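Good morning, and thank you for making time for this item. I would ask you to look at the model as it comes up, and I shall then go through a few of its details in turn.

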Amino acid sequence: MITEEEILRGMNRTKFDMLCRYDFKFFCERLLGMNEMGGIHDFQLEWVDLAERNRNSVIKAPSGSSKTEIMGVCYPLWVMYREDRKLEILLV
């Protein structure tokens, strides 16, 4: 288990929270600890940008490119982290 001090790495809690709310890459790598295989890549950030700009999206990418992990786990967690209201998400 990772401690709060290990996650914050000396950063102010308010600044950390603000960065997590507005920076998907920071949220995934620092809060969720997704640093294997180079962390979050540019092509994965493009998926998130696509999801942010469109109500419906289709992502076609090779197996092993973390489609499910990024768009099925990390992105919904990030959206819920940013929302102040109760939010329900359905994954199909």
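Let me begin with Arg21, which is partly exposed at 24% relative accessibility; by convention, buried means under 20% relative accessible area, exposed means over 50%, and partly exposed lies in between, with a 1.4 Å probe and protein chains only. Please keep in mind that this is a predicted model, in which local features need pLDDT of at least 70 and side-chain atom pairs count only at pLDDT 80 or more, while totals for chains, interfaces and linings use all residues. Residues are numbered from 1 along each chain as its sequence is written, and side-chain values use heavy atoms, with hydrogens and water left out.

Arg21 has a salt-bridge partner in Asp17, with 3.2 Å between the closest N and O atoms. A salt bridge here is a side-chain nitrogen of Lys or Arg within 4 Å of a carboxyl oxygen of Asp or Glu. Asp17 is likewise partly exposed, its relative accessible area being 26%. The two residues are four apart in helix α2, so about one helical turn separates Arg21 from Asp17. Helices are DSSP runs of H or I with at least four residues, strands are runs of E with at least two, and both are numbered from the N terminus.

How many salt bridges are there by this rule? The count is six. Another of them joins Glu29 to Lys25, where the closest N and O atoms are 3.0 Å apart. This pair lies in helix α3, again four residues apart, or about one turn of the helix. Is Glu29 buried or exposed? Glu29 is buried, at 17% relative accessibility, whereas Lys25 is partly exposed at 28%. Leaving aside residues up to four places away in sequence, Glu29 touches Met34, Asn35, Gly38, Gly39 and Ile40, contact meaning heavy atoms within 4.5 Å.

A further salt bridge links the side chains of Arg85 and Glu83, at 3.4 Å from N to O. Arg85 is exposed, with a relative accessible area of 54%, and Glu83 is partly exposed at 31%.

I turn now to the packing of helices. Helix α2 covers residues 13-22 and helix α3 residues 24-31; their axes come within 5 Å and cross at roughly 120°. Axes are lines fitted to C-alpha atoms, for helices over the stretch in contact, and angles run from 0 to 180 degrees between N-to-C directions. Why are α2 and α3 described as oblique to each other? Angles under 35 degrees count as roughly parallel, over 145 as roughly antiparallel, 65 to 115 as roughly perpendicular and the rest as oblique, and α2 and α3 are therefore oblique. On the α2 side, the contact is made by Phe16, Leu19, Cys20 and Tyr22, and on the α3 side by Phe24, Phe26, Phe27, Arg30 and Leu31.

Arg13 also belongs to α2. Arg13 is exposed, at 53% relative accessibility, and touches Glu4 and Leu8 when residues up to four places away in sequence are not counted.

Finally, the chain as a whole. The secondary structure comprises five helices and zero strands. The C-alpha atoms fill a box of roughly 40 × 35 × 20 Å along the principal axes, and 27% of the 92 residues are buried. Among contacts between residues at least 6 apart in sequence, 39% join residues at least 24 apart.
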